[in-house]
Amino acid sequence: MHTHTHQGMHRLMRWLPSLDAVTKLDICSAHFVSPDSMKKALAQLNSLSSLSLRGKKVSAAVLTKASKQAAGLKELILADDADYVRLGQEAEKAFKDLIRSAPMLETLSIPKTIPFSWVAAAIKDARNGGDSLITRFESTGGFGKGISDVSRISDAFPEIETLRVDSIDAHTLPSATMPRLRTLFVSDIIGFMGPHLSTQQMGELINSILLACPALEDLSLAHGDVLSVRDREQGLPPSLPGTNGSLLNLPSSLRRFLSSGLTEDCPHSHCARELSS
């Protein structure tokens, strides 16, 4: 069930023959769906397994109402247009309560403005101290560095198979950190302001990823291409790093490698390789 407007949501809720049959709700609030409308809709849906809340109108009160319907959730998506940190302690409590109320979560997507400490603690509480069931986790979008210490993610989500983050720190990846990981997307390694990695640093990063994820099948790395002052003054293209020979170490398990913002083995600064078995 997907809706963009207050009127559309009201009509849809009245039209549905059985609200108990609704298992997926996707609300894109933008400026057109009020928090009260979202809360009223959530209060009537008792069988949700997938919930997506997107838009600036997603308030702490909406998250609190969602937590009442979260016992069966397997998928939770919170988009990056709402800055939950700036909403203060009320939003922090509401977010943690929502996660604590969803012990069956397998997929979690959050804006990177949400501190990972909020996530890890709430997941632990939801599982009564046991391991989480999360197999897919995304933390992207918005401003700020976000989560770069991937070892924290692997500690919290030992079953993780798909991970999408903006940045990643090669020095936090000991061998076999994520033995089950099949898919890794790193969408903006250097962030909005840089600085660029050197070719040596990029090679170390790629090798570190390969050691940490021995079962990797799909790897996507975007370095970013912020212009340095020198490049800008001289009208030069960005000084992008190479891979320092690390692509020679791609494992036999890898089926796809996609890169952007690299030079070595990627002559157009963008390359995709489909790897045959």
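D218 counts as buried, at 16% relative accessibility; buried here means under 20% relative accessible area, exposed means over 50%, and partly exposed is in between (1.4 Å probe, protein chains only). Before going on, please note that this is a predicted model, in which local features need pLDDT of at least 70 and side-chain atom pairs count only at pLDDT 80 or more, while totals for chains, interfaces and linings use all residues. Residues are numbered from 1 along each chain as its sequence is written, and side-chain values use heavy atoms, with hydrogens and water left out.

**The chain as a whole**

The protein chain has eight helices and 11 strands. Helices (H or I, at least four residues) and strands (E, at least two) are DSSP runs, numbered from the N terminus. Of the 277 residues of the protein chain, 46% count as buried. Among contacts between residues at least 6 apart in sequence, 65% join residues at least 24 apart; a contact means heavy atoms within 4.5 Å.

**Salt bridges**

Side chains of opposite charge can pair when their charged atoms come close. The rule used here asks for a side-chain nitrogen of Lys or Arg within 4 Å of a carboxyl oxygen of Asp or Glu, and by this rule the count comes to 11 salt bridges. Here are some of them.

| Pair | N to O distance |
|---|---|
| D125 and R100 | 2.9 Å |
| R182 and E217 | 3.8 Å |
| R256 and D218 | 3.1 Å |

While D218 is buried, R256 counts as partly exposed at 24% relative accessibility.

The side chains of R182 and E217 also meet in a salt bridge. R182 sits in the loop between β7 (162–165) and β8 (183–186), and E217 in the loop between α7 (199–212) and β9 (218–222), so this pair ties together parts 35 residues apart in sequence. R182 counts as partly exposed at 31% relative accessibility, and E217 is partly exposed too, with a relative accessible area of 36%.

Turning to the remaining pair in the table, D125 and R100 form a salt bridge of 2.9 Å, N to O. This pair links distant parts of the chain, with D125 in helix α5 and R100 in helix α4, 25 residues apart. D125 counts as partly exposed at 41% relative accessibility, and R100 is partly exposed with a relative accessible area of 33%. Both residues belong to a network of salt bridges that links K93, D97, R100 and D125.

**Two helix pairs**

Two packed helices are described by the angle between their axes and the distance between the axes. Axes are lines fitted to C-alpha atoms, for helices over the stretch in contact, and angles run from 0 to 180 degrees between N-to-C directions.

The axes of helix α4 (residues 89–100) and helix α5 (residues 116–126) come within 8 Å and cross at roughly 40 degrees. That makes α4 oblique to α5: angles under 35 degrees count as roughly parallel, over 145 as roughly antiparallel, 65 to 115 as roughly perpendicular and the rest as oblique. In this contact, E92, F95, K96, I99 and R100 of α4 meet W118, V119, A122, I123, D125 and A126 of α5. Those residues divide into seven nonpolar, no polar and four charged; Ala, Val, Leu, Ile, Met, Phe, Trp, Tyr, Cys and Pro count as nonpolar, Asp, Glu, Lys and Arg as charged, and the others, Gly among them, as polar.

Helix α2 (residues 35–43) and helix α3 (residues 60–67) pack at an angle of about 0 degrees, with their axes 9 Å apart. That makes α2 roughly parallel to α3. P35, M38, K39, L42 and A43 of α2 make the contact with A61, V62, K65 and A66 of α3. The residues of this contact divide into seven nonpolar, no polar and two charged.

**Two residues in strands**

S50 has its place in strand β3 (residues 50–54). Is S50 buried or exposed? S50 counts as buried, at 9% relative accessibility. Leaving out residues up to four places away in sequence, S50 touches T23, K24, L25, L73 and E75.

T140 is found in strand β6 (residues 136–140) and counts as buried at 19% relative accessibility. T140 and S167 are 27 residues apart in sequence, and 8.9 Å apart in space, C-alpha to C-alpha.
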